[in-house]
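Keep the picture open while you read.

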Amino acid sequence: TLIMSFESSCDETSVAIIKNGKEILSNIIATQIKSHQRFGGVVPEVASRHHVEEITRCIELAMDEAAVTYDDIDAVAVTYGPGLVGSLLIGIMAAKTVAFAHNLPLIKVNHLAGHIYSANFVTDLQYPFMALLVSGGHTELVLVTAPGEFHTLGDTRDDAVGEAYDKIGRVLGINYPAGKQVDQMAAVGNDVFNFPRAMVQEDNLDFSFSGLKSAFINRVHHADQVHEDLSKDDLAASFQGAVLDILSNKTFRALKQHPVSQLVVAGGVAANQGLRKRLKEEIEKRNMDMELVFPPLRLCGDNAAMIGAIAQIQYEKGDFADLSLNSDPSLDF
Ligand code: ATP
Ligand code: MG
Ligand code: FE
């Protein structure tokens, strides 16, 4: 089965051709980061306009690279939420056009399910498995009990972890998105500021990062006022130290309640080197017989390949959408 998939929920325009949900024949990603950087975040109107400008080229490049024609394609899949409404609509419109013009079935995909199924390119998923979804807008622990069956066990009560990275990065003078650079600085700094680890004592699977963000910002502002010179690397390491303690605490709490043989980490923050190292060490320390699955870096951020992976499952179930499909900007599981 060949699926042409579209992703345009935020600031990446992406089109992929995926074989059997497992093999990436092409995965074109046009990022708009440069256009948004001077505003310190994604500007929705700018994002939609870029999607309009890029999408046709992405389709052509994806088909060229995969060396396929429309006759080879079996279905068209598209992200319909969550995300920015104007951005989502461009992908949806493009996917509908291709589906209508070539008489192909249309599959509507949840972007978050897509992030989790980026793991499908790395391993054979075994059910049930646990997913730690850490991205720019979401922080969730999800138990996946069967193909395409998601159960949210824990969620953030305020900021998402990627969002927290971007906000504290801004205070450190780092361009949006700041996650990668904060991660690099954290690797050379020391965790000396002892920032709060919210909710780690609480017996639930929820997260909170806004207190950590505020503590960080207050510490930096206080230092500015008294002309104290703080090490940015130490600040980054202290922030990341708290983040990793929180993520690790809640993840292993969830795994204790639901023992599984695979832990999938997905979303933009799954690219974090500190997180990769920490979870690996925690599993070894506990002597757990569990596979730790991280998607390759290119598949951690937004991309259409992951949309094609989950779309294959929906294709097999006969879960199709019609041409009245609309976006759902606040879609969750
Ligand atoms: P969502 O998927 O929740 O709708 P999104 O699509 O905007 O949100 P992603 O593209 O999955 O989010 O991830 C982007 C986020 O990942 C940004 O906040 C970015 O700072 C963060 N990020 C990227 N690399 C790293 C890293 N190495 N360490 C920490 N954060 C990172
Ligand atoms: Mg993005
Ligand atoms: Fe995303």
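Predicted model: local features only at pLDDT ≥ 70, side-chain atom pairs only at ≥ 80, totals over all residues.

Residues are numbered from 1 along each chain as its sequence is written, while chains are lettered from A and ligands numbered from 1 in the order in which they are written.

Q: How do you know what confidence the predictor has in the protein chain?
A: Look at pLDDT, the predictor's confidence in each residue, from 0 to 100. The protein chain averages 97, and 100% of the residues score at least 70. The model also scores ipTM 0.98 and pTM 0.97.

Q: Why is Leu 133 called buried?
A: A residue is buried if 20 or more other C-beta atoms lie within 10 Å of its own, exposed if 12 or fewer, and partly exposed in between, with C-beta atoms placed from the backbone. Leu 133 has 25 C-beta neighbours inside 10 Å, so it counts as buried. This residue is found in strand β6 (residues 129-134); strands (E, at least two residues) and helices (H or I, at least four) are DSSP runs, numbered from the N terminus.

Q: Is Asn 103 buried or exposed, and why?
A: Asn 103 has 7 C-beta neighbours inside 10 Å, so it counts as exposed. You will find Asn 103 in the loop between α3 and β5.

Q: What makes Asn 20 partly exposed?
A: Asn 20 has 13 other C-beta atoms within 10 Å, so the label is partly exposed. Its place is in the loop between β2 and β3. Although Asn 20 is not a glycine, it has a positive phi of about 55°.

Q: Why is strand β2 described as largely enclosed?
A: Of its 8 residues, 7 are buried, so the rest of the structure largely encloses β2.

Q: How do you know that β1 and β2 pair?
A: Two strands pair if DSSP finds at least two bridges between them. Strands β1 and β2 have 6 bridges, in the antiparallel sense. As an example, Phe 6 has Val 15 in β2 as its bridge partner. A hairpin of 4 residues joins the two strands.

Q: What makes β2 and β3 a pair?
A: Here there are 8 bridges, again antiparallel. Ser 14, for instance, has Ile 29 in β3 as its bridge partner.

Q: How do you know that the span of helix α9 is close to the expected one?
A: The expected span is 1.5 Å times one less than the number of residues. Helix α9 has 13 residues, and the distance from its first C-alpha to its last is 18 Å, close to the 18 Å expected.

Q: What makes a residue part of the shell around ligand 1, and which come nearest?
A: A residue is near a molecule or strand if its C-beta atom, placed from the backbone, lies within 6 Å of it. There are 25 residues around ligand 1, and Gly 136, Gly 137, Gly 162, Gly 179 and Gly 268 come nearest. The elements giving two or more residues to this shell are α4, α5 and α6.

Q: How many residues of that shell are called polar?
A: The shell divides into 14 polar, 7 nonpolar and 4 charged residues. Ala, Val, Leu, Ile, Met, Phe, Trp, Tyr, Cys and Pro count as nonpolar, Asp, Glu, Lys and Arg as charged, and the others, Gly among them, as polar.
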